[in-house]
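Colleague: I would like to learn how to read aromatic pairs and surface patches in a model. Can we work through one together?

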Amino acid sequence: MSGQSRIATLDSTPADGLPVYSKPLFAAKAAKKLTFEDIAKQLGRGEVAVAALFYGQASASAEDVEKLSQILNVPKDTLAASMLGFPDRGRAGPMPPVEPLIYRLYEIVQNYGYAFKAIMNEKFGDGIMSAIAFSSKVEKEVDSDGVAWVNITLRGKWLPYTRF
């Protein structure tokens, strides 16, 4: 385990809208006291991608299912039956979000979205940042005063609009 004393578990708010494999994955994760980072290292994927697998918002390969089954001691058949299908991306819950941390992320886009767009357009031209050819990571930074800061990296392929 990565030295953290608390483990993210399944919040009951979105639980009913999640795939059937989410509950056993979260239960096994909690029982083994593993962080998403711990699982990601063993799976060979990023921790955001692993969390997205748990929430049903990312594609799992047969190898992912095999490794998750071994890491978490969840029967492979329990996972493979639905994890190898197509993910249900974009299920955001109520809008605007009511969960405070998710609302703050939403608020960042509300407040700075046009500024991000303008700067990206200046740097790259007319287009969009892909959320498909995409990766993300979350890092913790502690400044010289001991204050913890969150660094979120969003890395998406630039997709220029085509003229037609």
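Modeller: Start with the rule for rings. Rings of Phe, Tyr and Trp pair if their centres lie within 6.5 Å. Planes under 30 degrees apart count as stacked, and planes over 60 degrees apart count as edge-to-face. Keep in mind that this is a predicted model.

Colleague: How many aromatic pairs does the structure hold?

Modeller: It holds seven aromatic pairs.

Colleague: How is a pair of aromatic rings described?

Modeller: By the distance of the centres and the angle of the planes. Take F26 and F54. Their ring centres are 5.2 Å apart and their planes stand at 85°, so this pair is edge-to-face.

Colleague: Which parts of the chain does that pair link?

Modeller: Distant ones. F26 sits in helix α2, residues 22-31, and F54 in helix α4, residues 47-54. The two are 28 residues apart.

Colleague: Are F26 and F54 buried or exposed?

Modeller: Both are buried. The cut-off for buried is under 20% relative accessible area. F26 has a relative accessible area of 2%, so it counts as buried.

Colleague: What are the distance and the angle for F36 and F54?

Modeller: The centres of F36 and F54 are 5.1 Å apart, with the planes at 90°, so this pair is edge-to-face. It too links distant parts of the chain: F36 belongs to helix α3, residues 36-43, and F54 to helix α4, 18 residues apart. F36 is buried, as is F54.

Colleague: Which residues do the ring pairs link into a cluster?

Modeller: F26, F36, F54 and Y55.

Colleague: Which residue lies over the face of F36?

Modeller: K29 does, at 4.4 Å from the ring centre.

Colleague: Let us turn to the surface. Which residues form the nonpolar patch?

Modeller: A patch residue needs over 30% relative accessible area and no salt bridge, and nonpolar side chains are joined within 5 Å. Here the patch consists of L101, I102, L105, I108, Y112, F116, M129, F134, V138, V150, I152 and L154. Together they have about 1,100 Å² of accessible area.

Colleague: Which elements each supply at least two residues of the patch?

Modeller: α7 (100-124), β1 (127-142) and β2 (148-160). The largest share, six residues, comes from α7.

Colleague: Pick one member. Where is V138, and how does its accessibility count?

Modeller: V138 is placed in strand β1. Its relative accessibility is 41%, so V138 counts as partly exposed.

Colleague: In what sense do β1 and β2 pair, and over how many bridges?

Modeller: The sense is antiparallel, over twelve bridges.

Colleague: How many residues lie between the strands of the hairpin, and which residue takes a positive phi?

Modeller: Five residues lie between β1 and β2, and G146 takes a positive phi near 85°.

Colleague: Now the whole chain. In what order do the elements run?

Modeller: The protein has seven helices and two strands. From the N terminus on, the order is α-α-α-α-α-α-α-β-β. The C-alpha atoms fill a box of roughly 50 × 50 × 30 Å along the principal axes. Of the 164 residues, 22% are buried.

Colleague: How far apart in sequence and in space are F26 and S144?

Modeller: F26 and S144 are 118 residues apart in sequence. In space they are 35 Å apart, C-alpha to C-alpha.

Terms used
Residues numbered from 1 in each chain as written. Predicted model: local features only at pLDDT ≥ 70, side-chain atom pairs only at ≥ 80, totals over all residues. Heavy atoms only, no water. Phe/Tyr/Trp six-rings, centres within 6.5 Å; stacked < 30°, edge-to-face > 60°. Helix = DSSP H or I, 4+ residues; strand = E, 2+ residues; numbered from the N terminus. Buried < 20%, exposed > 50% of the residue type's maximum accessible area, 1.4 Å probe, protein only. Lys NZ or Arg CZ within 6 Å of the ring centre and 35° of its normal. Patch = residues over 30% accessible without salt bridge, like charges linked within 9 Å, V, L, I, M, F, W, Y side chains within 5 Å. Areas by Shrake-Rupley, 256 points an atom, 1.4 Å probe, with all protein chains shown as cover. Salt bridge = Lys/Arg side-chain N within 4 Å of Asp/Glu carboxyl O. Pairing = 2+ DSSP bridges.
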